[in-house]
Amino acid sequence: MPKTKDKPIPGWAPGPMGQWMETNYQGYNAATTVEAARGWVRLLQDDGDMFVTLAGAMSTAQLGITLARMIRERKVCGIGCTGANLEEDLFNLIGFNSYTYLPDYASLTPEQEMALAKKGHPRVTDATIPEAEAMKPLGDALTAEWKKADAAGERLFPYQFLYRVIKSGVLADKYEGDPANAWMLAAADVDLPIFTPGWEDSTTGNLYASLQAKGELKTRVVRDGTEWFEEMGRWYEKAAKQTPGGIGFFQIGGGIAGDGPICVVPYLLTEMQKKVPFWAYFAQITDAHVSYGGYSGAQPREKITWSKLDVDTPMFDIHSDATIVAPLIFAYVLGD
């Protein structure tokens, strides 16, 4: 019998990876990791669903290896993420062979950093993303879609334009990574809703802004600002009615990718005066800690005061590295 405070799930038989976690993860953050994974399985068993948020650069950390499977196996009903995560999954797919790995990244000198910049290899921790091989092809394909929409009088969200690029096949012959590991391809296959607050904080968001500033686009073809939030409110209201077990919230990292979407519930309850349920589950993986005024490291129960969670909502607070913990939880839920 596992020593974690939660009980095993009746009728649930974890796979070898899950069994290893059940055996070895007996306390502290390890125990909470198992409990959060069990909670996800319970939510799905109770006819619930899970909304996942991705902060930072989880795509460049190769989270797609497990996240793509989670999406294809319908363990995820929607995603909130940074603009960087949207594009970097496709950058990785397109320019995979030109990425470089820098195991000594922490000791690079400013001069070495400048050499990377001049080479067109901006760094994300220990990986560099090749501008010519990865960023430019996607930017060119998106620009073509934006201009088509401009001419047709269409307005779409960032992820919808990326879905058009994916489904058109225009970049398929440039794929160097394994398409099975690209979570954006999986999301496009099932038309998963993706909400992206602060999309302008991304390479393709910068590109779009430049085209607007230079007058190359006559209309605002990308829906952004509060539009994504209003759309997510409509999505949540409809999804909650169709999901008897409720919708959970699994937050990877902090920042606006999670902080924005989680506010949809209090927005609907308070500003819109709608009768919707609280989030049915909450888990966060973060290396942030409780601080004066800080939110990313705030304890989950603080969210009760903001009408995001209920007093009996299952809550899991994992203080660890999301690049390690998230794939483990995904593997548990997948039965690996």
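**Exercise 1. Salt bridges in the predicted model**

Task: How many salt bridges does the structure hold? Then work out which parts of the chain the pair Lys 147 and Glu 216 ties together.

Solution: 
- Step 1. This is a predicted model. The structure holds 12 salt bridges.
- Step 2. Recall the cut-off: a side-chain nitrogen of Lys or Arg must be within 4 Å of a carboxyl oxygen of Asp or Glu.
- Step 3. For Lys 147 and Glu 216, the closest N and O atoms are 3.5 Å apart. The pair forms a salt bridge.
- Step 4. Lys 147 sits in helix H6 (residues 131-152). Glu 216 sits in the loop between helix H9 (203-213) and helix H10 (227-242). The two are 69 residues apart in sequence, so the pair ties together separate parts of the chain.
- Step 5. Look for a network. Lys 147, Lys 214 and Glu 216 are linked in a network of salt bridges.

**Exercise 2. Buried, partly exposed or exposed?**

Task: Classify Lys 147 and Glu 216 by relative accessibility.

Solution: 
- Step 1. Use the limits: buried is under 20%, exposed is over 50%, and partly exposed lies in between.
- Step 2. Lys 147 has 38%, so Lys 147 counts as partly exposed.
- Step 3. Glu 216 has 36%, so Glu 216 counts as partly exposed too.

**Exercise 3. Two more pairs**

Task: Where in the chain do Glu 154 and Arg 164 lie? Why are Arg 234 and Glu 231 separated by about one helical turn?

Solution: 
- Step 1. Glu 154 and Arg 164 form a salt bridge, with the closest N and O atoms 2.9 Å apart.
- Step 2. Glu 154 lies in the loop between H6 and helix H7 (158-168), and Arg 164 lies in helix H7. They are 10 residues apart.
- Step 3. The side chains of Arg 234 and Glu 231 meet in a salt bridge at 3.1 Å, N to O.
- Step 4. Arg 234 and Glu 231 are separated by about one helical turn because they are three residues apart in helix H10.
- Step 5. Arg 234, at 44%, is partly exposed. Glu 231, at 27%, is partly exposed.

**Exercise 4. The whole chain**

Task: What radius of gyration does the protein chain have, and what would a compact globule have?

Solution: 
- Step 1. The protein chain has 336 residues, and a compact globule would then have a radius of gyration near 20 Å.
- Step 2. The protein chain has 20 Å, which agrees.

Key:
Residues are numbered from 1 along each chain as its sequence is written. This is a predicted model: local features need pLDDT of at least 70, side-chain atom pairs count only at pLDDT 80 or more; totals for chains, interfaces and linings use all residues. Side-chain values use heavy atoms; hydrogens and water are left out. The radius of gyration is taken over C-alpha atoms; the globule rule is 2.2 Å times the number of residues to the power 0.38. Helices (H or I, at least four residues) and strands (E, at least two) are DSSP runs, numbered from the N terminus. Buried means under 20% relative accessible area, exposed over 50%, partly exposed in between (1.4 Å probe, protein chains only).
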